[in-house]
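Please open the structure and follow along.

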Amino acid sequence: MNTNEIKNILKDASIEELRSLIPQFEGDSRSGVKKLVESAEKRIQAYEDEVKRTYEMKAYERKYDRCQYICGIDEVGRGPLAGPVVAAAVILPKDVDIYYLNDSKQLSKKKREELYDEIMEKAVAVGIGFADEKRIDEINILQADYEAMRSALSQLSVQPDILLNDAVTIPYVDIPQEAIIKGDAKSVSIAAASIVAKVTRDRYMVKMDEKYPGYDFARNKGYGSAQHMEALKKFGPCEIHRRTFIRNICSTTSDLAK
């Protein structure tokens, strides 16, 4: 068997298949084959590291193992100048392992999209809540955050027994809660919620870019990028800008009234 044939076999093999294939090739003296075997061994090690990391990220889920439904909650969109804040509430099955879950900001767009699909397919229940820019201006961003989270909870098809929240305790909620600092990197449930919220909001802002061209929403997602700031100064705000966030950029009354 030549090196290219071995390469194709190892490339298409699952982790379990690799474990059985490596002994067949590790005695091969060809330098190309040795490199392929080393690469396969690294792939297995990376997988094992991820299995361990995922197990560690289920520590809070194990803590509340007596609960039937453990719900992770997170939000995105506190900082942008435009668009809504979006919260997600996710209940994962206890026996499921979804690898590579993490704080959504630590993942590539491609990986977030892949994980979003897997979460939506495997989750027991998912709820998504929005608080738009007008509501943010009306009640402030923190209260809008809480409102979006409560809305996400109301969309769930089952009642959670415990809420695992990223850093906050949500007021006016009767369900027991635990606030976990940097929870989206410490709990698979919160990480899943972070990803769902991020992908949902990003997709919304891409649509807003089509409706309000010129602000570069598809790329900046409403955050204050250089092009976004220049567009604000040139065109003034559009309908989805948060007036309370742009007072120092669009200082005139006529601009803010748009």
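The charged end of arginine 62 lies over the ring of tyrosine 55, 3.8 Å from the ring centre. A charge counts as over a ring if NZ of Lys or CZ of Arg is within 6 Å of the ring centre and within 35 degrees of the ring normal. This is a predicted model, where local features need pLDDT of at least 70, side-chain atom pairs count only at pLDDT 80 or more, and totals for chains, interfaces and linings use all residues. Residues are numbered from 1 along each chain as its sequence is written, and side-chain values use heavy atoms, leaving out hydrogens and water.

**Charge over a ring**
- Lysine 111 places its charged end over the ring of tyrosine 100, 4.7 Å from the centre.

**Aromatic pairs**
- Rings of Phe, Tyr and Trp (its six-membered ring) pair if their centres lie within 6.5 Å, with planes under 30 degrees apart called stacked, over 60 edge-to-face and the rest tilted.
- The count comes to 4 aromatic pairs.
- Tyrosine 215 and phenylalanine 235 form an edge-to-face pair, 6.3 Å centre to centre with 75° between the planes.
- Ring pairs link Tyr215, Phe217 and Phe235 into a cluster.

**Buried or exposed**
- Buried means under 20% relative accessible area, exposed over 50%, and partly exposed in between (1.4 Å probe, protein chains only).
- Tyrosine 215 is buried at 6% relative accessible area, while phenylalanine 235 is partly exposed at 42%.

**Helix H2**
- Helices (H or I, at least four residues) are DSSP runs, numbered from the N terminus.
- In helix H2 (residues 15-25), the residues Ile15, Leu18, Leu21, Ile22 and Phe25 are buried.
- The face of H2 turned away from its buried side carries the exposed Glu16 and Gln24.

Definitions and conventions:
Helix = DSSP H or I, 4+ residues; strand = E, 2+ residues; numbered from the N terminus.
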